[in-house]
Amino acid sequence: MPSVPTPSILNTDVLIVGAGVAGLWLNARLRRQGFSTVVVESASLGGGQSTKSQGIIHGGAKYALHGALSGASEAIADMPRRWREALAGKGELDLSSVRLLSEAHYLWSPGTIAGNLTSFFASKAVRGRVDQVTGTDLPLALQDPGFKGKVYRLAELVIDVPSLIQRLAELAGESLLAGEKIEPLYSGEELVGLRVDDREIRAQRVVLSAGAGNAQLLKSMNITFPIMQRRPLHMVMVKGPTLKPLYAHCLGGGPKPRVTVTTHPAADGQWVWYLGGDLSEADGVAREPAAQIAAAKKELGNLLPWVDLSQAQWATLRIDRAEPAVSGLVRPDNAYLWAQKSLMVGWPTKLALAPDFADRVLAALARDGVHPTPQPPLIGLPKPPLATPIWDQLLP
Ligand SMILES: Cc1cc2nc3c(=O)[nH]c(=O)nc-3n(C[C@H](O)[C@H](O)[C@H](O)COP(=O)(O)OP(=O)(O)OC[C@H]3O[C@@H](n4cnc5c(N)ncnc54)[C@H](O)[C@@H]3O)c2cc1C
């Protein structure tokens, strides 16, 4: 009988599943504190939601549009500062090589200011951080004699997520592992690690940060809580030689931005406008791609009639946000972590909240007295590839 190869066995302090921003940021923090780690990724680094996000480092201003901020949303108010320090190479991680796309995100009201802005300007997340801009201080795309309306500058950064993922992958050193088949590894009733393809990986703690993949991983462990929810979006991308950078929430009459525009560099040197906000939600999700593109063309035609889009290329992207299920369909505005014995599972709920997600894992490790242990260096593990930016995939 042919012998069955024995699986190779690895030991590590923390085994992380999923290499999006949550898993990679956590990994870098843990390694900096001396923990040994392995991060398993079944597809590409950042290729889930992270590199498909708009890269806005929210400070909670958008949510303040709903009215007064909840206590929890104060956590998000500190995120721009933490990212700013990291981007300057002086924070909890050295992200000085990450490309900053914009120092600010703007609120743009095309007509008169809607009534709900009163509570918005009174809320703590925006107090003292919002300035009206005019003339040459306006975003380039709005500097046109035809532009009417008001623009406010928010102290929220916009980053180039592919360069963030690349930097976090560098900080991961040898800890990344490409793995497809993942099964729990028990000793009696206790989870002691995971079997990843032909390897057994034993760990003091297992962290599931696999975004939308968490649901299936929990199912494979017969765990029924926490419950995940998906929020579908139908985003629009437009690339063209006439586009100028624009990072703005365009306000409509309602509590949500009518359209949120971010601008990203394509590999061929052109700019890509990435359109989310209300356009990409309920009605947008119901539309077929051609109808969604037609709706986006109409929106941009109304809002920015001076922009020549005759040579532009268009695409749409359907993508779900994966989050913990919360009551009343209120959007979670801090990172979420559930921990029991050796297992932790969570969702940052926003790219901006990846530092908060890592804080929660570190706090759980400290609470449980989990400390770094000496481990031999990892050598020659198969590495997952970096994700190709979504605009270069859809608008080559
Ligand atoms: C269109 C869009 C725009 C957004 N814009 C913003 C924004 O401007 N600002 C902001 O703060 N947030 C934004 N978000 C939210 C943000 O993108 C997410 O909250 C964040 O990226 C989630 O990170 P994550 O690491 O948890 O998940 P992901 O980035 O989805 O990463 C999960 C990883 O796990 C891997 N995986 C899945 N299953 C398995 C498995 N079984 N085994 C191994 N690996 C597995 C996946 O391949 C993936 O790489 C946006 C989201 C969307 C969809």
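**A buried strand and a buried helix**

Four of the five residues of strand β5 (residues 105-109) are buried, so this strand is largely enclosed by the rest of the structure. The model examined here is a predicted one. With strand β7 (residues 150-154), β5 runs antiparallel, and five bridges join the two. Within this pairing, His105 has Leu154 of β7 as its bridge partner. Strand β14 (residues 248-251) also pairs with β5, this time running parallel and joined by three bridges. Here Leu107 is the residue to look for, as it stands opposite His249 in β14.

Attention can now turn to helix α1. This helix covers residues 21-32, and its 12 residues should span 16 Å at 1.5 Å a residue; the C-alpha atoms at its ends are 16 Å apart, which agrees with that expectation.

How many of the 12 residues of α1 are buried? The count is 11, so α1 is largely enclosed by the rest of the structure. Among these buried residues are Val21, Ala22, Gly23 and Leu24, and Trp25, Asn27, Arg29 and Arg31 also belong to the buried set. A residue counts as buried when 20 or more other C-beta atoms lie within 10 Å of its own.

What covers the buried residues of α1? The covering elements include strands β1 (8-17), β2 (37-41) and β12 (199-208), together with helices α6 (161-171) and α10 (354-367). Following the chain onward, α1 is followed by Gly34, which has a positive phi, near 90°.

Conventions: Residues numbered from 1 in each chain as written. Predicted model: local features only at pLDDT ≥ 70, side-chain atom pairs only at ≥ 80, totals over all residues. Expected span 1.5 Å × (residues − 1). Contact = placed C-beta atoms within 7 Å. Pairing = 2+ DSSP bridges.
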